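My notes follow in the order I looked things up.

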Amino acid sequence: MKNGMIKIRNARMKYPGGDGLDHVNLEVAGGEFVYLVGSTGAGKSTVLKLIYMEELPDAGYVVVDGANSSEISRREIPFVRRKLGIIFQDFRLFEDRNIFENVAFVLRVTGARPRDIKKKTLRALAEVGLSHKSRKMASDLSGGEQQRAAIARAIVNDPLILLADEPTANLDPKTSVEILNILDRANARGTAVLMATHNYELVNYSSKRVVSIKNGRTLP
Amino acid sequence: MMPSLLFLLKEGFVGLLRSRGSALMAIVTITVSLVLIGLFLIVTLNLNEFAENLKKRLEVTVFLDDSFDEDKTRRIREHILALQSIGSVDYVSKEMAVAEFREHSERLNVDYLEVLGFNPLPASFRLHPVAEFLSSGGVAEIVQQLEAIDGIEELDIKYEKNLLPLLESRLQVIVAIDIVIGVVLCVGALLLVSNNVRLIILSRERLITTMKLVGATPMFVQAPMFIQGFLQGFLGGIAAAVLLFLLTELAAVELPDIVAVGAGVYGLVVVLGILLGFSGSLTAVRRFL
């Protein structure tokens with residue numbers, strides 16, 4: 001297990017409106033599964049944004065696989081993101097292309113060979129059980145299927161860590177269990193998972209590590 | 001590894017098709033602008049050609065004193081021919097001058113020579129300057145060189161003094177008007193292409209943000225926009241070149257001698273279209289992406 005693959009130290013960040021993070025400390029090791037739990041507006045999504053560097057901390061720092069937010073240039077950020085797999089609550093699939101192309105896009109930006117793109121994309125789609133819907137457009141799929149497609153896009157490039165932002169928030173209980181099973185399988189293969197959720201019930205029944213966040217502060 | 005160029009090209013083409021309404025408007029604007037610029041260019045080239053033909057007819061006449069013998073006339077001719085500014089020299093004897101005079105004064109029905117009883121017309125040299133000296137400055141230099149020749153005085157030299165300055169000033173005005181109109185049309189087309197790309201960017205904002213979040217570099221996101229701008233400019237340029245070709249072919253039926261357009265003009269129109277399209281998208285991408 002790779003220690004300290006993600007490290008957030010004394011991070012503070014304020015949005016122009018006043019919300020943000022006050023004092024965040026978090027560490028995720030390679031292969032670990034961590035729940036980031038807190039109520040709506042507690043700062044869970046902002047913590048994930050710090051990790052994929054859509055936001056940079058005003059104070060403190062974030063390190064992702066050796067890349068430090070206080071030293072990184074804008075030009076380097078895309079290359080950090082290629083080591084991550086991001087799953088959004090609202091799926092964020094590309095509406096202008098089919099599911100195969102949605103998943104393959106992540107590999108195309110890296111300049112992967114067409115043969116590898118096809119092989120890895122089909123494997124990721126099979127992993128989430130969507131091989132038969134690869135030619136469908138995102139709008140033709142149900143919510144659960146769209147989230148599975150989004151997970152396929154997140155895992156296709158074998159990321160070091162999956163960042164899942166409330167991935168089951170808009171789904172029914174049965175579909176939510178399916179999504180959690182897919183994340184578990186990815187974790188079992190060695191991919192670290194950091195899942196933000198406000199579902200305390202889910203967390204209480206889990207044996208995985210839990211980090212709580214409240215009013216922009218992670219609790220010890 | 002670099003992203004596949006083929007994939008980026010495909011993204012550019014597909015993006016253009018998706019926004020075909022506004023893209024068509026940008027292409028039409030580029031076409032209209034380029035056709036107008038092309039027409040001005042063709043008219044200017046023709047006027048320039050016409051002016052050059054007029055200039056070629058310019059002659060400098062050096063009148064010779066009646067007292068000059070054959071030997072002196074020959075020496076003056078040799079001096080003139082030695083000048084690099086002069087291409088050829090024609091000698092017009094007193095008799096030839098009379099014959100020309102009679103030809104021109106036929107309508108008057110009076111033979112002045114018979115009345116006068118002698119030939120008052122002097123012999124002369126008609127000088128044809130080389131092309132490089134066919135300008136007001138060039139001819140003034142020729143006059144200076146001629147005055148330095150023994151036997152030629154300022155009053156002996158005659159030429160159409162007003163022709164060249166007039167042609168030059170008129171051409172300058174026409175070229176200035178061309179430039180102003182060309183710049184105005186280019187800026188208009190550039191703004192429209194830029195606005196079209198801006199609309200594409202705004203309508204795809206969420207998509208573009210997600211692309212960046214899954215690891216796309218700014219260049220990967222921008223390249224299809226540049227390709228779209230390039231394609232709009234290229235298509236506008238091709239359409240303008242075809243229209244200009246048809247217009248000049250039509251005009252050639254009525255004015256076979258005047259309209260003469262080389263392939264270079266059509267090439268220039270296409271290149272200008274590409275530059276317009278590309279710069280338009282570059283402006284929008286720099287500002288909004």
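**Chain A, overall**

I began with the radius of gyration of chain A: it is 17 Å, and a compact globule of 220 residues would come out near 17 Å, so the two agree. I keep in mind that this is a predicted model. Taken along the principal axes, the C-alpha atoms of chain A fill a box of roughly 45 × 40 × 35 Å. I then went through the secondary structure and got seven helices and ten strands for chain A. For burial, I noted that 43% of the 220 residues of chain A count as buried. I also looked at contact range: among contacts in chain A with a separation of 6 or more, 70% are between residues 24 or more positions apart.

**Gly85(A)**

Next I picked a glycine in a strand. Gly85(A) sits in strand β6 of chain A, residues 84–87. Is Gly85(A) buried or exposed? It counts as buried, because 30 C-beta neighbours lie inside 10 Å and the cut-off for buried is 20 or more. I wanted its partners from elsewhere in the sequence. Leaving aside neighbours within four places in sequence, I found Gly85(A) in contact with Ala154(A), Ile155(A), Pro159(A) and Leu162(A).

Most residues other than glycine have a negative phi. Asn10(A) is not a glycine, yet its phi is positive, about 45°. I placed Asn10(A) in strand β1 of chain A, residues 6–14. Asn10(A) is exposed, with 11 other C-beta atoms within 10 Å.

Glu166(A) is another non-glycine with a positive phi of about 45°. I found Glu166(A) in the loop between β7 (161–165) and α6 (173–188) of chain A. What is the burial class of Glu166(A)? Glu166(A) counts as buried, with 20 C-beta neighbours inside 10 Å.

**Helix pair in chain A**

Two packed helices are described by the angle between their axes and the distance between the axes. I took α3 (residues 99–108) and α5 (residues 143–155) of chain A: their axes come within 7 Å and cross at roughly 25°. That makes α3(A) roughly parallel to α5(A), because angles under 35 degrees fall in that class. The crossing of α3(A) past α5(A) is right-handed. I listed the contact residues: α3(A) brings Ile99(A), Asn102(A), Val103(A) and Val106(A), and α5(A) brings Ala149(A), Ala152(A) and Arg153(A). By class I get five nonpolar, one polar and one charged residues in the contact of α3(A) with α5(A).

**Chain B, overall**

Then I turned to chain B. I got ten helices and four strands, and from the N terminus on the elements run α-α-β-α-β-α-α-β-α-β-α-α-α-α. The radius of gyration of chain B is 31 Å, but a compact globule of 289 residues would have one near 19 Å. Along its principal axes, I noted a span of about 105 × 40 × 25 Å for the C-alpha trace of chain B. Buried residues make up 27% of the 289 in chain B. Of the contacts in chain B with a separation of 6 or more, 87% join residues 24 or more positions apart.

**Helix pair in chain B**

Here I looked at α1(B) and helix α9 (residues 218–254) of chain B, whose axes come within 8 Å and cross at roughly 60°. α1(B) and α9(B) are therefore oblique to each other. The crossing is right-handed. The contact residues on α1(B) are Leu8(B), Leu9(B), Glu11(B), Gly12(B), Gly15(B) and Leu16(B), and those on α9(B) are Ala223(B), Pro224(B), Ile227(B), Gln228(B) and Leu231(B). I sorted this contact into seven nonpolar, three polar and one charged residues.

**Where the chains meet**

Last, the interface. I found 15 residues of chain B in contact with 17 residues of chain A. Which elements of chain B give two or more residues to the side that touches chain A? They are α1 (5–18) and α8 (205–213) of chain B. The largest share of that side, four residues, comes from α8(B). By class, I noted nine nonpolar, four polar and two charged residues on the side of chain B that touches chain A.

Conventions
Residues numbered from 1 in each chain as written. Chains lettered and ligands numbered in written order. Predicted model: local features only at pLDDT ≥ 70, side-chain atom pairs only at ≥ 80, totals over all residues. Contact = placed C-beta atoms within 7 Å. Nonpolar A, V, L, I, M, F, W, Y, C, P; charged D, E, K, R; others polar. Axes fitted to C-alpha atoms, helices over the stretch in contact; angles between N-to-C directions. Parallel < 35°, antiparallel > 145°, perpendicular 65-115°, else oblique. Left-handed = near helix turned anticlockwise from the far one by under 90°. Buried ≥ 20, exposed ≤ 12 C-beta atoms within 10 Å, placed from the backbone. Rg over C-alpha atoms; globule rule 2.2 N^0.38 Å.
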